[in-house]
Amino acid sequence: MTYATDRLHEEIAYVAYHFHWNLEEILDLEHHDRRRYAEQIAGLVARASARG
C-alpha cells in the first residue's frame with residue numbers, strides 16, 4: 001500500500017511550517033515518525049488556541 005501523495009505533502013508542509021525543518025530533513029524521517037510529529041504539533045496548536 002502506498003501513502004497518498006497529497007497527505008504526504010500536507011504532513012511535510014505542516015512539520016516544515018512549525019519546526020522550520022527543510023524538506024530533506026522531513027523526508028529522511030520514517031513515515032510513522034513524521035506522522036507522529038504532525039500529530040504532536042496538532043496537539044500543541046490546539047492547546048495554544050484553547051488558551052487564547
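This is a predicted model: local features need pLDDT of at least 70, side-chain atom pairs count only at pLDDT 80 or more; totals for chains, interfaces and linings use all residues.
Setting aside neighbours within four places in sequence, I41 is in contact with Y14, V15, H18 and F19. I41 also belongs to the largest nonpolar core, and I41 is one of the α3 residues that make the contact with α1.

**The core around I41**

- Five residues make up the largest nonpolar core: I12, V15, I26, A38 and I41.
- Helices α1 and α3 each supply at least two residues of this core.
- As general background, nonpolar side chains in soluble globular proteins tend to be buried together.

**How α1 and α3 pack**

- A pair of packed helices is described by the angle between their axes and the distance between the axes.
- Here, helix α1 covers residues 5-19 and helix α3 covers residues 31-51; they pack at an angle of about 55°, and their axes are 10 Å apart.
- The two helices are therefore oblique to each other.
- The crossing in which α1 passes α3 is left-handed.
- On the α1 side, the contact is made by R7, L8, E11, I12, Y14, V15, H18 and F19.
- On the α3 side, the contributors are H31, R34, R35, Y37, A38, I41, A42 and V45.
- Sorted by class, this contact of α1 with α3 has ten nonpolar, two polar and four charged residues.

- R34 sits in helix α3, and R34 counts as buried because its relative accessibility is 6%, which falls under the 20% cut-off.
- Not counting residues up to four places away in sequence, R34 touches Y3, L8, E11, I12, V15, I26 and L29.
- Among those partners of R34 are I12, V15 and I26, which are also listed in the largest nonpolar core.
- A42 is another residue of helix α3, and A42 is partly exposed, with a relative accessible area of 34%.
- The C-alpha atoms of A42 and H18 are separated by 9.8 Å, while the two residues lie 24 residues apart along the chain.
- Both A42 and H18 are listed in the contact of α1 with α3.

**The loop between α1 and α2**

- H20 has its place in the loop between α1 and α2, the latter spanning residues 23-27.
- Phi of H20 is near 60°, a positive value in a residue other than glycine.
- H20 is exposed, with a relative accessible area of 68%.
- W21 is found in that loop too, between α1 and α2, and W21 counts as partly exposed at 28% relative accessibility.
- Leaving aside neighbours within four places in sequence, the contacts of W21 are V15, A16, I26, L29 and Y37.
- W21 and I41 are 20 residues apart along the chain, and their C-alpha atoms are separated by 13 Å.

**The protein as a whole**

- The protein has three helices and zero strands, and from the N terminus on, its elements run α-α-α.
- Along its principal axes, the C-alpha trace spans about 40 × 25 × 15 Å.
- Of the 52 residues of the protein, 15% count as buried.
- Taking contacts between residues at least 6 apart in sequence, 39% join residues at least 24 apart.

Methods
Residues are numbered from 1 along each chain as its sequence is written. Side-chain values use heavy atoms; hydrogens and water are left out. Axes are lines fitted to C-alpha atoms, for helices over the stretch in contact, and angles run from 0 to 180 degrees between N-to-C directions. Helices (H or I, at least four residues) and strands (E, at least two) are DSSP runs, numbered from the N terminus. Angles under 35 degrees count as roughly parallel, over 145 as roughly antiparallel, 65 to 115 as roughly perpendicular and the rest as oblique. A crossing is left-handed if the near helix is turned anticlockwise from the far one by less than a right angle, and right-handed if clockwise. Contact means heavy atoms within 4.5 Å. Ala, Val, Leu, Ile, Met, Phe, Trp, Tyr, Cys and Pro count as nonpolar, Asp, Glu, Lys and Arg as charged, and the others, Gly among them, as polar. A nonpolar core is a set of buried Ala, Val, Leu, Ile, Met, Phe, Trp, Tyr and Cys residues joined through side-chain atoms within 4.5 Å. Buried means under 20% relative accessible area, exposed over 50%, partly exposed in between (1.4 Å probe, protein chains only).
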